[in-house]
Amino acid sequence: MAGELAAALIADMVDNRPRLENLMQQEGSRVLHEEFMLAEQGTLPDRHSRLTGARRAGARAWLRHLAASLASVWDGGPPDFQQQLERQVQGARERLEQLELEEYAALEREGLSGDAEADARRVTLSAHVRVFAEAVGAVAVPQGLDGPAFGRRVTDILRRSGARRRDIERQAFEAWTGSPMEGVMEGTRATAAPPEPEVVRTLEAAAVWSFVHVTADALGELLGDPTEGDA
């Protein structure tokens with residue numbers, strides 16, 4: 001059943017935390033290398049660019065983590081499913097930029113939240129998820145859906161699951177901080193000061209977890225059962 005695959009994906013990601021930590025280190029090193037290359041050209045990153053770089057690194061690491069779990073618990077892909085997924089995603093930089101523009105346009109139509117960083121998180125993470133979903137479609141062609149078609153199906157599910165995703169995000173933030181999310185953000189708005197670095201890191205982590213969780217739900221809905229051995 002769809003719920004079984006989603007649960008299997010979540011369980012595999014939770015049970016393989018060291019794998020995620022390794023991927024986070026790899027993506028963090030990649031960001032540092034990119035910053036070093038820019039510095040050699042005379043460009044030093046400001047707070048916004050550092051935050052954006054960290055956000056993208058977190059999204060890449062978590063989606064690589066999800067790719068490994070999908071390859072482990074779902075038997076619908078080729079033997080080198082994970083490797084093919086990663087190659088597809090790595091080769092989609094221009095597509096990612098295009099999708100970020102599309103996601104921002106969709107957000108504008110829906111209405112900006114008034115929190116610029118929250119909107120930026122949503123745009124960036126939505127675009128990364130769609131690139132990932134398109135890679136799944138391109139490699140596995142589930143139900144005859146190619147990359148773009150499968151990406152649209154996953155995006156549709158994410159958009160209609162917005163309330164659930166935000167609830168997952170809130171629960172994660174509150175579990176990790178022990179403080180009500182709305183109370184923390186209200187205090188930030190009242191002082192007009194940027195949140196403390198630890199709060200920012202937790203907001204970013206909670207957001208990416210919520211997107212990955214709902215993406216797992218979408219994969220469960222679209223791909224069906226996990227392998228018999230892992231069900």
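Which side chain makes a polar contact with the side chain of glutamate 204? Select glutamate 204 and arginine 55 to see: the partner is the side chain of arginine 55, at 2.7 Å. A polar contact here is a pair of N or O atoms within 3.5 Å; within protein, one atom must be able to donate a hydrogen and the other to accept it, and residues adjacent in sequence count only if both atoms are side-chain atoms.

Some ground rules before moving on. This is a predicted model, in which local features need pLDDT of at least 70 and side-chain atom pairs count only at pLDDT 80 or more, while totals for chains, interfaces and linings use all residues. Residues are numbered from 1 along each chain as its sequence is written, and side-chain values use heavy atoms, with hydrogens and water left out.

**Stop 1: glutamate 204**

Stay on glutamate 204. Its place is in helix α10 (helices are DSSP runs of H or I, at least four residues, and strands are runs of E, at least two, numbered from the N terminus). Glutamate 204 is buried, at a relative accessible area of 13%. Buried means under 20% relative accessible area, exposed over 50%, and partly exposed in between, with a 1.4 Å probe and protein chains only. Now show what glutamate 204 touches: Leu51, Arg55 and Arg121, leaving aside residues up to four places away in sequence. Contact means heavy atoms within 4.5 Å.

**Stop 2: the largest nonpolar core**

Next, select Leu70, Leu85 and Phe150. These residues have the most contacts inside the largest nonpolar core, which has 48 residues. A nonpolar core is a set of buried Ala, Val, Leu, Ile, Met, Phe, Trp, Tyr and Cys residues joined through side-chain atoms within 4.5 Å. Colour the elements that give two or more residues to this core: α1 (2-15), α3 (47-73), α4 (81-90), α6 (116-140), α7 (147-160), α8 (162-177), α9 (181-191) and α10 (197-223). Helix α10 gives the largest share, 13 residues.

Zoom in on leucine 85. Beyond residues up to four places away in sequence, leucine 85 touches Ala67, Leu70, Phe132, Ala135, Val136 and Val139.

**Stop 3**

Axes are lines fitted to C-alpha atoms, for helices over the stretch in contact, and angles run from 0 to 180 degrees between N-to-C directions. Angles under 35 degrees count as roughly parallel, over 145 as roughly antiparallel, 65 to 115 as roughly perpendicular, and the rest as oblique.

On the α3 side of the contact, pick Arg64, Ala67, Ala68, Leu70 and Ala71; on the α4 side, pick Phe81, Gln82, Leu85 and Glu86. The crossing of these helices, α3 and α4, is right-handed. A crossing is left-handed if the near helix is turned anticlockwise from the far one by less than a right angle, and right-handed if clockwise.

Keep arginine 64 selected. Arginine 64 is buried, with a relative accessible area of 17%. Its contacts, not counting residues up to four places away in sequence, are Leu23, Gln26, Glu27, Gln82 and Glu86.

Then go to valine 73, also in helix α3. Valine 73 is buried, at 4% relative accessible area.

**Stop 4: α6 against α7**

Switch to α6 and α7. They pack at an angle of about 135°, with axes 7 Å apart. That makes α6 oblique to α7. The crossing is right-handed.

Select glycine 151, in helix α7. Is glycine 151 buried or exposed? Glycine 151 is buried, at 0% relative accessibility. Glycine 151 touches Arg130, Ala133 and Glu134, not counting residues up to four places away in sequence. Its C-alpha lies 8.3 Å from that of valine 129, 22 residues away in sequence.

**Stop 5: the loop between α6 and α7**

Finish in the loop between α6 and α7, at valine 141. Valine 141 has a positive phi of about 45° although it is not a glycine. This valine 141 is partly exposed, at 41% relative accessible area. Glutamine 143 lies in the loop between α6 and α7 too. Its phi is positive, near 55°, in a residue other than glycine. Glutamine 143 counts as exposed, at 57% relative accessibility.
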